[in-house]
4 protein chains.
Amino acid sequence: MAENGSRRIRLGMVGGGTGAFIGYVHRVASRIDGDYDLVAGALSSRPDVAMESGRNLGLADDRIYTDYAEMAKAEAARADGIEAVSIVTPNHMHFGPAKAFLEAGIHVICDKPLTATLEDARKLAAIKPARGAKFLLTHNYTGYPLVRQARELVASGALGKIRVVQAEYPQDWLTEAADADNKQASWRTDPNRSGAGGAIGDIGTHAYNLLRFVTGLKTEAVAADLTSFVPGRQLDDNVHIMLRFDGGARGMLWASQVAVGNENGLQLRVYGDKGGLEWRQDNPNQMWFSEFGKPRQLLTRGGAISGDAAASMNVRVPAGHPEGYLEAFATLYSQFADIIRGDGAAYADLLPSMADGVEGMEFIIASVESSKNEGRWTKLSEV
Amino acid sequence: MAENGSRRIRLGMVGGGTGAFIGYVHRVASRIDGDYDLVAGALSSRPDVAMESGRNLGLADDRIYTDYAEMAKAEAARADGIEAVSIVTPNHMHFGPAKAFLEAGIHVICDKPLTATLEDARKLAAIKPARGAKFLLTHNYTGYPLVRQARELVASGALGKIRVVQAEYPQDWLTEAADADNKQASWRTDPNRSGAGGAIGDIGTHAYNLLRFVTGLKTEAVAADLTSFVPGRQLDDNVHIMLRFDGGARGMLWASQVAVGNENGLQLRVYGDKGGLEWRQDNPNQMWFSEFGKPRQLLTRGGAISGDAAASMNVRVPAGHPEGYLEAFATLYSQFADIIRGDGAAYADLLPSMADGVEGMEFIIASVESSKNEGRWTKLSEV
Amino acid sequence: MAENGSRRIRLGMVGGGTGAFIGYVHRVASRIDGDYDLVAGALSSRPDVAMESGRNLGLADDRIYTDYAEMAKAEAARADGIEAVSIVTPNHMHFGPAKAFLEAGIHVICDKPLTATLEDARKLAAIKPARGAKFLLTHNYTGYPLVRQARELVASGALGKIRVVQAEYPQDWLTEAADADNKQASWRTDPNRSGAGGAIGDIGTHAYNLLRFVTGLKTEAVAADLTSFVPGRQLDDNVHIMLRFDGGARGMLWASQVAVGNENGLQLRVYGDKGGLEWRQDNPNQMWFSEFGKPRQLLTRGGAISGDAAASMNVRVPAGHPEGYLEAFATLYSQFADIIRGDGAAYADLLPSMADGVEGMEFIIASVESSKNEGRWTKLSEV
Amino acid sequence: MAENGSRRIRLGMVGGGTGAFIGYVHRVASRIDGDYDLVAGALSSRPDVAMESGRNLGLADDRIYTDYAEMAKAEAARADGIEAVSIVTPNHMHFGPAKAFLEAGIHVICDKPLTATLEDARKLAAIKPARGAKFLLTHNYTGYPLVRQARELVASGALGKIRVVQAEYPQDWLTEAADADNKQASWRTDPNRSGAGGAIGDIGTHAYNLLRFVTGLKTEAVAADLTSFVPGRQLDDNVHIMLRFDGGARGMLWASQVAVGNENGLQLRVYGDKGGLEWRQDNPNQMWFSEFGKPRQLLTRGGAISGDAAASMNVRVPAGHPEGYLEAFATLYSQFADIIRGDGAAYADLLPSMADGVEGMEFIIASVESSKNEGRWTKLSEV
């Protein structure tokens with residue numbers, strides 16, 4: 001992470017125009033640690049959307065593109081051209097840009113899954129990037145500090161030899177046939193844009209990647225039952241899979257978009273002959289760790305970790321401040337920015353003010369006074 | 001929040017040199033939404049620390065100061081001077097900079113509590129800021145989307161007339177007398193730097209601010225019992241307070257730095273004659289809402305909220321993606337940045353790679369094939 | 001507990017006629033371990049209710065009384081008279097029967113609180129029971145295995161010197177003025193029958209007894225704020241208390257009958273200079289135990305405990321079978337009894353049958369077959 | 001349940017001698033509601049164990065048997081013979097007694113699974129019981145009030161058409177090869193006594209029965225992967241199964257005896273096209289119910305239920321008192337019984353006493369006084 005004198009990296013983006021979800025997520029992620037500056041983009045193939053989206057992000061007009069190939073070529077030619085690019089298009093549009101930028105010698109950060117088809121994936125893997133361009137696939141759940149600690153624990157032998165792995169990712173947002181109205185839903189349920197898999201490609205791969213990342217087990221074979229429950233849906237919306245791993249471990253994977261009551265219930269449970277681990281994304285700051293015959297322990301993000309491991313985890317705030325603490329903090333900053341710009345009337349009452357500060361001091365002093373006086377009820381207006 | 005074409009605000013910082021916790025938090029918060037650029041700082045009163053810290057943050061040398069008063073004067077005089085400043089010094093060092101920058105017409109973002117003494121607080125409140133400079137006190141817990149929704153719910157009457165408020169903030173980090181070794185602990189337990197209160201000023205005010213923010217109740221009086229449990233400690237490390245509010249509601253507030261097993265257990269519970277609310281910071285994405293006589297409901301961040309309210313909450317990712325999702329995402333970006341810069345060898349194995357992407361596709365295809373073949377065990381190496 | 005060849009104790013009951021809650025609870029409690037036979041009762045002062053209630057419980061007509069004094073006299077005179085009596089009347093009716101039976105040399109099991117007034121309590125304590133009659137006050141929460149383990153942990157020094165105790169018992173059933181319609185509510189909110197306290201006597205004493213039982217701390221003084229929120233209610237329905245214990249520990253106690261969303265949220269948290277404990281009644285099978293600087297541990301009922309302590313805890317089923325397991329089991333037995341008696345038509349479909357048993361075997365065999373055949377989908381109708 | 005004037009049913013038991021777990025559970029279950037009297041038993045095939053066990057349970061010597069066939073014959077011939085019998089032997093010993101007692105016209109309560117082999121199960125089902133003798137298989141988890149409410153909810157259509165069912169039962173007690181030392185483990189891991197299945201027969205059937213009971217879905221086929229992880233173990237200790245139900249619903253079932261950190265983690269999750277349900281045995285008093293598009297609701301045992309359904313659930317104590325409340329209560333009764341019998345010295349300090357009662361009153365009065373005096377700290381010794 002930056003704050004150590006490192007220069008910021010010049011970043012571009014393909015996809016992610018106004019209203020896109022995952023493009024926005026990538027941009028925020030690029031800003032948090034101060035490592036990147038977004039300076040160019042092919043944010044949409046529609047010129048008007050590309051231009052408006054780019055200007056909203058503060059891009060110079062000559063670095064707003066509508067075609068990724070043109071962008072790769074132009075940026076590679078500039079002295080101040082982008083060094084890296086984020087690809088945040090639908091699955092079937094990953095291959096083209098990834099190939100173009102890697103061949104232009106520009107580092108690629110690509111949303112998952114890698115491509116829409118296995119053929120494309122293998123072709124992409126066979127490309128020789130120019131000038132040593134590197135590649136990152138954003139299986140973002142592997143970035144949680146406790147997920148990395150889980151991996152460390154398994155690698156350290158704390159669980160012994162792994163026997164059983166239970167991974168799941170239930171959601172409910174596709175319970176009904178809302179596909180037509182919903183931009184997020186429409187491409188995800190369209191075989192032409194998503195590829196051969198529905199739920200399995202969208203969220204099953206997340207659960208799969210997570211179990212692979214944490215356990216390091218190599219998958220030997222799968223036995224699967226993929227179902228489409230919603231009438232008319234072409235791709236699976238529920239995935240049941242049994243897994244066999246090299247070395248004899250067994251697993252199950254469940255992914256569903258029709259499990260009513262679940263938002264993003266990604267969960268991983270790993271059991272070895274000495275210990276077990278359980279982690280859920282909906283409270284990513286806690287993880288259960290059990291040693292056979294002892295009480296369960298609740299590990300928290302940022303607790304005692306050895307040196308090297310700690311570095312890899314990028315724990316930004318101390319244990320007990322949940323992930324999210326920074327976002328709450330950022331909301332104050334952002335809404336105050338609107339107020340400074342004269343555009344934050346809606347937040348005027350919400351943001352803590354000087355008066356709140358004075359009253360806070362009155363509360364402290366009144367409490368101290370009351371305590372000194374044997375708990376006498378003390379008015380804040382007295383102090 | 002930015003991404004709407006707004007210009008970034010030029011930001012300075014007082015305090016927050018290398019190694020400081022809350023200064024770092026303020027900087028991350030300023031970056032997340034892309035609303036600020038940090039361009040100046042008096043990060044330490046020690047010249048060498050100030051210079052090194054400033055350079056690490058990419059500040060130009062002529063905008064690295066060691067004295068806040070000089071900084072206020074110099075920045076106010078520049079055409080490209082800072083428009084806002086973050087004050088992240090210990091409590092007793094809030095008053096001076098806040099006064100200086102407000103009088104210089106520069107917006108102030110100040111960490112809590114406002115000052116170390118009530119006198120300072122009242123003096124500060126009496127200042128007339130130049131050029132309409134505005135003031136933000138970072139009671140950061142009020143920035144959580146569900147805390148804001150709680151406030152909306154109370155204001156909407158969903159809880160009826162409020163009767164009982166239970167606020168608490170247990171920690172355990174000062175259980176032992178570790179004060180001398182610990183920079184965070186040392187000023188917090190020193191009356192000269194923290195003011196009259198220990199736990200009450202450090203965390204009691206957070207709990208108090210939170211209950212005030214959510215309920216809107218005005219405090220009439222307190223009856224308090226402040227204790228120092230650790231031998232030799234001069235300030236309170238455990239706070240018991242009963243509260244009476246205008247209109248008859250009653251409350252309790254507990255803050256402790258010696259409650260073993262608690263990291264940052266900030267919790268608020270509010271009960272009216274129609275309903276109740278319960279929220280805990282350690283899982284800030286969930287909140288209980290109960291209507292009398294009906295089952296409890298678990299509200300999640302980003303669930304159904306009416307228009308204006310939603311805007312105030314700044315929900316960055318959809319329901320089910322916990323706060324923290326963005327940070328995990330950012331970790332991938334940040335560590336990939338180190339790899340790009342040639343300084344990320346430690347992360348090389350951790351970041352999802354092209355090979356991971358190909359294997360993910362193999363997993364999808366093998367699963368689809370297995371499912372088409374009546375669940376036949378299908379090897380990933382077959383597809 | 002019985003099952004060791006011990007003779008059953010002959011038991012009587014005062015109060016607890018048809019429809020009474022706590023009388024029923026006492027009777028079930030007396031049966032679970034097979035230590036008592038209920039053989040006499042003054043279940044109501046109304047002769048018809050007393051007779052019907054007694055017959056429903058299988059009492060002989062000559063041992064159904066309407067007057068406790070007469071019952072005490074008559075039973076003491078019988079060779080097969082009761083050896084113990086349960087007193088399950090409203091608070092103001094505890095003193096009379098307790099005195100009468102103790103003076104008749106009959107052991108007394110009395111619901112809490114002891115009496116309606118402190119004067120009565122002290123008078124009762126001053127009585128010299130005949131023939132060594134013993135007395136039990138049913139502060140039932142002290143019977144939970146984990147509560148007893150908590151006491152052992154404190155006594156063992158595992159928490160170090162106790163500093164802070166937080167006890168609470170929130171309910172919501174008296175949120176509205178339903179007093180007139182509700183038998184349970186009516187006497188509890190009537191000063192003539194409940195005594196000087198409302199919530200404090202009904203549930204505050206439970207929380208208080210629990211903290212005393214677990215910590216062994218002796219209370220020095222209290223500072224209290226008792227409130228009646230519901231218009232017209234004469235007794236407190238919300239209790240805020242700060243506590244000071246001998247030796248310097250401090251505590252808070254909150255009891256409420258108007259905390260919407262809480263059913264019986266009894267909770268105890270104890271913190272010493274080495275460790276902390278947290279237990280909630282709504283999941284009585286789990287308890288948090290924290291040692292300073294280590295991860296929280298989740299203790300479960302019936303986990304590893306040393307010899308003597310284990311005996312005192314009366315753990316009936318192994319760890320992991322929650323308390324309640326026995327009740328679910330009992331429901332099958334009881335409803336099958338109704339079927340045997342020809343009175344269980346309503347349950348016929350609910351109880352597991354021979355056919356369920358056969359299908360269970362089909363499921364096992366089909367699964368074994370499928371597994372042997374490389375996971376081939378195997379019909380239950382095939383095996 | 002009894003307490004309604006019904007005569008108690010005379011009960012016998014086969015198996016369940018001193019030290020047996022499930023026999024003890026059956027006996028407690030038979031006592032809780034007062035529906036049965038245990039009067040005969042073939043508690044062991046070893047005469048000395050049978051006699052000692054029988055006497056400990058208060059059986060008359062002439063009703064203590066060592067052979068179930070003899071017992072069935074003798075009891076059927078007595079005027080006061082048993083009306084029902086509980087069979088609590090290992091799986092392979094269910095068939096003989098069940099047949100004998102049914103043919104003797106005695107009702108049978110049989111532990112699960114029905115038998116050790118499918119052949120035996122079918123033979124048993126084909127028997128024609130004499131005198132209308134009835135049969136109960138103790139799939140005890142179906143007796144939980146919330147499990148029955150779950151069934152009602154599914155039947156009512158509240159979940160819509162069921163799509164996905166996830167059942168699991170993880171344990172960890174067979175993680176190591178402790179089989180030889182452990183009576184419970186030895187027969188469960190022995191094919192001769194348990195039948196074809198290990199974990200699948202012992203706990204898999206529980207999970208399976210639970211899903212069948214709640215959903216009413218009929219199983220079409222299974223695809224299974226059964227594994228023995230512990231070296232030398234002959235039966236499966238981990239079970240992965242995919243299920244297909246008539247009508248198109250799909251399911252997964254996981255049962256494991258090697259999932260470190262899990263005690264008895266029975267869990268059922270059911271999702272339809274309108275709603276979802278989630279229940280866990282380790283907190284059996286709570287159940288999640290979700291309607292699509294609305295916040296999750298936490299149902300509690302004994303909450304609002306319509307008439308007939310409520311009756312079937314046998315809710316013994318009001319909502320908020322967890323199952324287990326009765327057991328804690330019973331512990332006080334049972335240990336007081338020991339004290340009465342002069343055998344309870346170990347509990348003398350544990351049971352709430354007269355002095356506790358007086359102090360409880362002092363606490364109430366001191367609190368009331370303090371509250372009347374503006375929260376003045378009031379000593380318990382003052383009142």
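This is a predicted model: local features need pLDDT of at least 70, side-chain atom pairs count only at pLDDT 80 or more; totals for chains, interfaces and linings use all residues.
Q: How many residues does chain C give to its contact with chain A?
A: Contact is counted where heavy atoms lie within 4.5 Å. Chain A brings 10 residues to this contact. The number from chain C is 10.

Q: How much area do chain A and chain C bury between them?
A: The size of an interface is often given as the accessible area lost when the parts come together. Here 57% of that area is on carbon and sulfur atoms. A:Arg244, A:Pro295 and A:Leu298 supply 37% of what chain A buries against chain C, more than any other three residues. The area buried between the two chains is about 940 Å².

Q: Which residue of chain A meets C:Glu374 in a salt bridge?
A: The rule asks for a side-chain nitrogen of Lys or Arg within 4 Å of a carboxyl oxygen of Asp or Glu. Two salt bridges are found across this interface. In the one with C:Glu374, the distance from N to O is 3.4 Å, and the partner is A:Arg244.

Q: Which residue of E13(C) stands opposite A:Arg296?
A: E13(A) pairs with strand E13 of chain C, residues 296-300. The pairing is antiparallel and runs over three bridges. Opposite A:Arg296 stands C:Leu298.

Notes:
Residues are numbered from 1 along each chain as its sequence is written. Chains are lettered from A and ligands numbered from 1 in the order in which they are written. Side-chain values use heavy atoms; hydrogens and water are left out. Buried area is the accessible area (1.4 Å probe) that two parts lose on being put together, summed over both. Two strands pair if DSSP finds at least two bridges between them. Helices (H or I, at least four residues) and strands (E, at least two) are DSSP runs, numbered from the N terminus.
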